[in-house]
Amino acid sequence: MDIKQLYELYKQHPVITTDSRDCPEGSIFLALKGESFDGNKYAVSALEKGCAYAIIDDKNVYDEAHDERLILVYDALQTFKNLAREHRRQFDIPVIGITGTNGKTTTKELLSAVLSEKYNVMFTQGNFNNDVGVPKTLFRLTKEHEIAVVEMGASHPGDIKTLVETAEPTCGLITNVGRAHLQGFGSFEGVKQTKGELYDYIVKSEDSEAPFVFLNTQDADLCEMAEERGVKTKAYVAGRVSKCDPFVEVTTEDGLVVRTKLIGAYNMVNVLAAISVGRHFGVSDEQIVHALENYTPSNNRSQLTVTAKNHLVVDAYNANPTSMAAAIENFRMMDVDAPKMLILGDMRELGDSSADEHQMIVALLEEYEFPTVWLVGEEFMKTRNEFRCFHNVEEVKAAIAENQPQGCYILIKGSNGIKLYQLPEVL
C-alpha cells in the first residue's frame, strides 16, 4: 500500500494514535519504536481496544497475527512522516518553519499570537518539534486554517533536513545559532550546518512562487549562512530595547513601542521577528502591539514569578552556553531594588566541550561579582570556583529550607534534566 492509498484510508479514519493506551474508536494506531519501547508489540491490543487499523513494521507480528487490519510497512516512523507530508500538501497556505538554538519556542509563540489577530493559525503546541512532534502538528491542519507556524528542533546533523522535508515550509526563520547540543552536532560548525538545512530547503523549494527567509541582519552568523546559500531574505525591522525594568520594552526604528511581559533584553530579537512576520502578512501595527503586550510566557521560559517571599526570574526549561551567558548578562543589567541571587544548573549535552563551557560561565559570574551564586550539578561541581555548589536539586531544596532567602530577585536557569523547575514552589 503506497502513501496515497494510506492517505485515502486516513481520510476515512482521520485520527492517528501512537499510544496504545489511547485508542479512539475507528482510529489508526501507528507503531513507533524507541530505546525502551516497541509499539509493534501493542498493535493487536490497539485493534482490540477500538482502532480500525494498525500500521506496523515488524514482520513477525504481522505473520503471527493473521489480521487484515494490520498494515505492514518498511519503517513506521518514516511512514508517519510521509503521511503527514501528504496531509500538509492538501493545504495551499503559507507555512512558516522556525528553528534556532535559542528562542525558537518563544518566537513561535509571539508570531503565532500576532498572526492570530488576523488569521486562523495552526501552530506547534508546546515543544512538539521533533520527528514525531512535527508530523503530529501537521495532522492538526484543517480546512479552516489560513496559515501555519511549525517549530523544528534538532540535536544531530540532518535533523532539520528531515523535518523541513516533512513540513515543506513556504518561508523560514532561524532565530540564531549557538553552542548547544555539541555532543550531538560535534562542533559549532555542525550546529550552523544543521540549522542551515532550513535555508537549504527554501533555496531549493519549488512549492512556493517566492520562497524566502526572515533574517536578523544584526546576526553575523545568520547573514553568512544566508549569503553562502544565496537564499532570498526579508530583513527584520530594526529596533532597540528602550526599557527593561524588568519587562522588556522594544521600540522599532519607525517608532512602534511594544511593552511586553517578557524578561530579558535578549527577547528583543524575538519581538522584532514577530513584528516583521506580522507586517509581512498584513497584520496592522495596532493588532501587533495588542498581541505582543498581552502575551504571557509560560513553561519556565523567561517568566517572572512573584511569590510571598521573592521575585523569581524562571528560565529553567533549557540551558546552553549562549543562553546562559545571555541570561546572566541580562540579570546583571536589571535595575531592581533588591539583593540578587542566582541558582544555576548544569548545561547538558555539551560533549567534550562541557568542562570548558562550564568554566567560562564560572568566569563570567566571578567577573560580575553577584552577592549570592549557587551552582547545581556534577559539571559545575568539577569547575574551579568559590561559589556554593550542590550535586542536585534536592540538596538545593534542603538548603532553602534551612536558610530561606527573602526579599530577593533570584535567577533560576539550567537544563531541564537538573529539575530547577521544582524550586519556585519552595522559594
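Start by selecting Glu168, which is buried, with a relative accessible area of 8%. Here buried means under 20% relative accessible area, exposed over 50%, and partly exposed in between (1.4 Å probe, protein chains only). Glu168 sits in the loop between helix 7 (159–167) and strand 8 (171–174). Helices (H or I, at least four residues) and strands (E, at least two) are DSSP runs, numbered from the N terminus. Check the backbone too: Glu168 has a positive phi of about 45° although it is not a glycine. Most residues other than glycine have a negative phi.

A word on what you are looking at: this is a predicted model, in which local features need pLDDT of at least 70 and side-chain atom pairs count only at pLDDT 80 or more, while totals for chains, interfaces and linings use all residues. Residues are numbered from 1 along each chain as its sequence is written, and side-chain values use heavy atoms, with hydrogens and water left out.

Next, go to Glu369, another non-glycine residue with a positive phi, here about 55°. Its place is the loop between helix 15 and strand 17 (372–376). Is Glu369 buried or exposed? Glu369 is exposed, with a relative accessible area of 67%.

Now step back into helix 15 (residues 354–368) and select Gln359. Gln359 is buried, with a relative accessible area of 17%. Which residues does Gln359 contact, leaving aside its neighbours within four places in sequence? They are Thr383 and Arg384, where contact means heavy atoms within 4.5 Å.

**Salt bridges**

Side chains of opposite charge can pair when their charged atoms come close. A salt bridge here is a side-chain nitrogen of Lys or Arg within 4 Å of a carboxyl oxygen of Asp or Glu, and a search of the whole structure finds 22 of them.

Show the side chains of Lys108 and Glu109, which meet in a salt bridge at 2.8 Å, N to O. Lys108 is buried, at 0% relative accessible area, whereas Glu109 counts as partly exposed at 21%.

Then select Glu228 and Arg229, whose side chains form a salt bridge at 3.8 Å, N to O. Glu228 is exposed at 58% relative accessibility, whereas Arg229 is buried at 17%.

For the next pair, pick Glu249 and Arg259, joined by a salt bridge at 3.2 Å, N to O. Glu249 belongs to strand 12 (residues 247–252) and Arg259 to strand 13 (residues 257–263), so the pair, ten residues apart, links distant parts of the chain. Glu249 counts as buried, at 11% relative accessibility. Finally, select Glu189, Lys192, Asp221 and Glu224 together: salt bridges that share partners join them into one network.

Select Ser187, in the loop between helix 8 (182–185) and helix 9 (188–195). Ser187 is partly exposed, at 32% relative accessibility.

Cys244 comes next, in strand 11 (residues 239–244). Cys244 counts as partly exposed, at 21% relative accessibility. Not counting residues up to four places away in sequence, Cys244 touches Ala265 and Asn330. Lys33 is 211 residues from Cys244 in sequence and 46 Å away in space, C-alpha to C-alpha.

**The whole chain**

Now zoom out and colour by secondary structure: the protein chain holds 17 helices and 19 strands. Its radius of gyration, taken over C-alpha atoms, is 23 Å, close to the 22 Å from the globule rule (2.2 Å times the number of residues to the power 0.38) for 427 residues, so the chain is as compact as a globular protein of that length. The C-alpha atoms fill a box of roughly 70 × 50 × 40 Å along the principal axes.

Colour by accessibility to see that buried residues make up 53% of the 427 residues. Among contacts between residues at least 6 apart in sequence, 64% join residues at least 24 apart.
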